[in-house]
Amino acid sequence: MIDALCHEIKLRKSEVDSDQIIKTIYFGGGTPTVLSVGELSQIITTIKQYYQVAKDAEITLEANPDDLDKEKIESLAKSCINRLSIGIQSFFEEDLTMMNRAHNAKEALQCISLASQYFDNISIDLIYGIPDMTIERWEQNIQIALDFKIPHISCYALTVEPNTALPKLIQKGEIPAVDDHLAQTHFEILVNRLNKEGFDHYELSNFGKPGYYSKNNTAYWQGKHYIGIGPSAHSYNGKQRSWNINNNIKYIKGLRQNELPNEIENLSPTDMYNEYIMTGLRTIWGVSLQKIESEFGLKHKEYLLKQAQKHIEEDLLVIEEKVLLVTQKGKFLSDGIASDLFLLNL
């Protein structure tokens, strides 16, 4: 698999201009900590061999608390990895048990304590809107993260995914159903608290201290190009999306034959418009009316303003310096607002 990943990196070098600088490398989309530091370094070395990588490139590794013991953290700190994204989810046992997480509350605390000794740039994930999670417990989750001086926090509302244990437990009445009102209350507490602590709410689910925004995720939201390496990985070049086959054996076999095992979708102007609306409204950079007009045309701009008017009147959207932004009141509803602005058959 490592050889296949490195071969794909080599085969795709033509997709990046020779003078283009790679600013972020992200190991995620599963449990990349199953790789040894040597294997991670082999992949990074291959990237640097075929691409220009910035000296201060952000190189992130996703991890779960049960994957990071002291030996692993120490070895990672000596490698090129300079940022950790840790899936804490909650610091409380009852929440982790309900979500069927592999780690426990003690491991969550130990992991953050150890990681903070070796890494300055750490992001953690927290989940809100968990059934039976009191406001007090949610506030304690936030406080623990603050006590560790974590500079970046990603927070997501609990969602009920099909084919998981959660919907079955709800159906049996063993746990309460997800409460949207509770989730909104948790979200408002989160925003207010982190704003007071000097975090920038730069994207709907992401909060960072100045200088600690995720370069990787910011690139997604700003529509920058990226290459996804490995089975199931997705890529984007501004006009096309592509995704690799999700079968490991077929992925390796294809690359042994010097073939990229992927599918490509050409994006229509409507696809690109809708995606810009969806991503832009989630961020502090908003949707540029000037960009809408220059890239999609006056007709699209007029449509956008017409669709946005009711949300502006309800103080959910605002226009500032020719940029359409979600207000504080509208943040929790931003995805729904964006869908109202989508083009269907213009």
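**View 1. Arg-137 is a buried residue, with 11% relative accessibility.** Buried means under 20% relative accessible area, exposed means over 50%, and partly exposed lies in between (1.4 Å probe, protein chains only). This is a predicted model, where local features need pLDDT of at least 70 and side-chain atom pairs count only at pLDDT 80 or more, while totals for chains, interfaces and linings use all residues. Residues are numbered from 1 along each chain as its sequence is written, and side-chain values use heavy atoms, with hydrogens and water left out. Glu-94 is partly exposed, at 45% relative accessible area. The side chains of Arg-137 and Glu-94 form a salt bridge at 3.6 Å, N to O. A salt bridge is a side-chain nitrogen of Lys or Arg within 4 Å of a carboxyl oxygen of Asp or Glu. Side chains of opposite charge can pair when their charged atoms come close.

**View 2. Arg-282 and Glu-203 meet in a salt bridge.** The N to O distance is 2.5 Å. Arg-282 sits in the loop between helix H11 (269-281) and strand S11 (287-288), and Glu-203 sits in strand S6 (residues 200-203), so the pair ties together parts that are 79 residues apart in sequence. Helices (H or I, at least four residues) and strands (E, at least two) are DSSP runs, numbered from the N terminus. Both Arg-282 and Glu-203 are buried.

**View 3. Glu-275 and Arg-241 join helix H11 to strand S9.** Their side chains form a salt bridge at 2.2 Å, N to O. Glu-275 lies in helix H11 and Arg-241 in strand S9 (residues 240-244), so this pair ties together parts that are 34 residues apart in sequence. Glu-275 is partly exposed, with a relative accessible area of 22%. Arg-241 is buried, at 18% relative accessibility. In the whole structure, the search finds 10 salt bridges. Elsewhere, Glu-8, Arg-12 and Glu-15 are linked in a network of salt bridges.

**View 4. Three strands form an open sheet in the order S8-S9-S10.** The pairing is antiparallel. Strand S8 (234-236) and strand S10 (262-266) are the edges, each with a single partner strand, so one side of each has no neighbour in the sheet. Neighbouring strands are turned by 20° against each other on average, direction ignored. Axes are lines fitted to C-alpha atoms, for helices over the stretch in contact, and angles run from 0 to 180 degrees between N-to-C directions. S8 and S9 pair over 3 bridges. Two strands pair if DSSP finds at least two bridges between them. Tyr-236 stands opposite Arg-241 in S9.

**View 5. Thr-60 is buried in strand S2.** This strand covers residues 52-63. The relative accessibility of Thr-60 is 0%. Its side chain makes a polar contact with the side chain of Arg-83 at 3.4 Å. A polar contact is a pair of N or O atoms within 3.5 Å; within protein, one must be able to donate a hydrogen and the other to accept it, and residues adjacent in sequence count only if both atoms are side-chain atoms. Leaving out residues up to four places away in sequence, Thr-60 touches Ile-25, Tyr-26, Phe-27, Arg-83 and Ser-85. Touching, or contact, means heavy atoms within 4.5 Å.

**View 6. Another open sheet has the order S11-S13-S12.** Its 3 strands pair antiparallel. Val-287 has Leu-324 in S13 as its bridge partner. Helix H13 (residues 298-313) packs on the sheet and touches S11, S12 and S13. The direction of helix H13 makes about 120° with that of S12.
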